[in-house]
Amino acid sequence: MIFDIYVIVLLFVLGLVMGSFYMVVGSRLPKNESIIKPRSHCDSCGHELKWYELIPVLSYVLQFGRCSKCKAQLSIMYPFIEILNGFLFSLSYALYGFSYEMIAFIIISSILVLIFVSDFQYMIILDEPLIIGSVVILLLKLYYFGFPTFTRSIYSGLIMFVFMLVIKALGDKIFKRESLGGGDVKLVTFFGFVFGVRLSFVSVVLGSFLAFPYAMYISLAKKDREVPFGPFLILALLIVFIFMDPIKSFLNLFVYGI
Ligand SMILES: [Zn+2]
């Protein structure tokens with residue numbers, strides 16, 4: 001019990017630090033900037049941040065959400081993303097203990113956070129986290145479940161890739177504009193690697209339902225039809241991951257009619 005709490009607190013702190021890093025990666029890579037240089041600085045006055053201004057959440061709170069030099073307002077996105085990531089890291093252990101599921105959950109939630117950051121700010125889904133995430137998930141499957149599961153996962157990813165390309169081609173033709181981004185296609189391919197075909201379909205359907213109210217709001221309120229689909233897809237992935245077992249038994253019920 002004490003040990004569990006210790007691990008959860010430790011993971012929360014690790015999650016805060018990683019969340020801060022993801023914020024940098026998700027804000028800089030889409031603009032083709034280096035992750036390392038220049039050092040973190042204030043976007044308004046260019047003031048280079050000292051070590052004590054880089055402590056996740058704490059610095060933000062102590063500085064009342066403002067730059068220590070020019071007092072410009074700092075984005076609430078920083079502490080929000082850090083806390084969200086810390087929470088997800090802790091949740092991974094609370095739900096699964098030390099296991100394949102725990103590592104997979106950390107990888108998926110890291111990608112979730114990175115996509116939130118880059119897709120909401122720039123409508124870009126980064127390739128790097130998806131590629132790294134796919135490779136790590138596939139290697140974990142090979143290690144934990146053996147070669148047949150590994151190859152089946154690769155096939156599943158490829159099937160989802162082809163499926164999304166077909167949907168995109170159809171959508172582009174019907175709506176006479178880009179219906180799905182290339183990033184969405186890659187994201188669902190990643191789903192295929194993680195979940196196999198059936199649960200990936202469930203994630204895509206769920207993601208569409210989640211995105212629908214937001215898409216309605218955007219098209220009515222802002223006359224802007226561009227909606228980032230990625231955050232909704234990855235949110236759906238996380239929900240499906242947490243409720244994997246009930247969804248699986250429901251699908252069995254559905255397919256075999258028992
Ligand atoms: Zn400043």
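I began with Leu 138, which I found to be partly exposed because 18 other C-beta atoms lie within 10 Å; on the scale I used, a residue is buried with 20 or more other C-beta atoms within 10 Å of its own, exposed with 12 or fewer, and partly exposed in between, the C-beta atoms being placed from the backbone. I note at once that this is a predicted model, in which local features need pLDDT of at least 70 and side-chain atom pairs count only at pLDDT 80 or more, while totals for chains, interfaces and linings use all residues. I number residues from 1 along each chain as its sequence is written.

**Leu 138 and its surroundings**

I placed Leu 138 in helix α5, helices here being DSSP runs of H or I with at least four residues, numbered from the N terminus. Leaving out residues up to four places away in sequence, I found Leu 138 touching Phe 150, Ser 153, Ile 154 and Phe 193, where contact requires C-beta atoms, placed from the backbone, within 7 Å of each other. I also looked up the C-alpha separation between Leu 138 and Val 194, which is 7.6 Å although they are 56 residues apart along the chain.

**Helix α6**

I checked the length of α6 (residues 147-175): its 29 residues should span 42 Å at 1.5 Å a residue, and its end C-alpha atoms are 42 Å apart, which agrees, the expected span being 1.5 Å times one less than the number of residues. I listed Ser 153, Ser 156, Gly 157, Met 160 and Met 164 as the buried residues of α6, and these pack against α5 (127-145), α7 (182-195) and α8 (197-221). After α6 comes Lys 176, for which I noted a positive phi, near 55°.

**Helix pairs**

For each pair I used axes fitted as lines to C-alpha atoms over the stretch in contact, with angles between N-to-C directions running from 0 to 180 degrees. The axes of α5 and α6 are 7 Å apart and the helices pack at about 150°, which makes α5 roughly antiparallel to α6. Leu 138, Lys 141, Leu 142 and Phe 145 of α5 make this contact with Phe 147, Thr 149, Phe 150, Ser 153 and Ile 154 of α6. My classes were roughly parallel under 35 degrees, roughly antiparallel over 145, roughly perpendicular from 65 to 115, and oblique for the rest.

I then turned to α8 and α9 (residues 230-242), whose axes lie 8 Å apart at an angle of about 125°, so that α8 is oblique to α9. Among the residues that meet here are Leu 199, Val 202 and Leu 206 in α8 and Phe 232, Leu 235 and Ala 236 in α9.

For α4 (residues 100-122) and α9, I found axes that come within 9 Å and cross at roughly 160°, and the two helices are therefore roughly antiparallel to each other. I recorded residues making this contact, including Phe 105, Ile 108 and Leu 112 of α4 and Pro 231, Ile 234 and Phe 241 of α9.

I found Ser 27 in helix α1 (residues 2-28), where it counts as buried because it has 20 C-beta neighbours inside 10 Å. Setting aside neighbours within four places in sequence, I saw Ser 27 in contact with Val 117 and Gln 121.

Finally, I noted that the chain is divided into domain 1 (1-98) and domain 2 (124-258), with bounds from an automatic or database domain assignment, and that the C-alpha centres of domain 1 and domain 2 lie 27 Å apart.

Key
Two residues are in contact if their C-beta atoms, placed from the backbone, lie within 7 Å.
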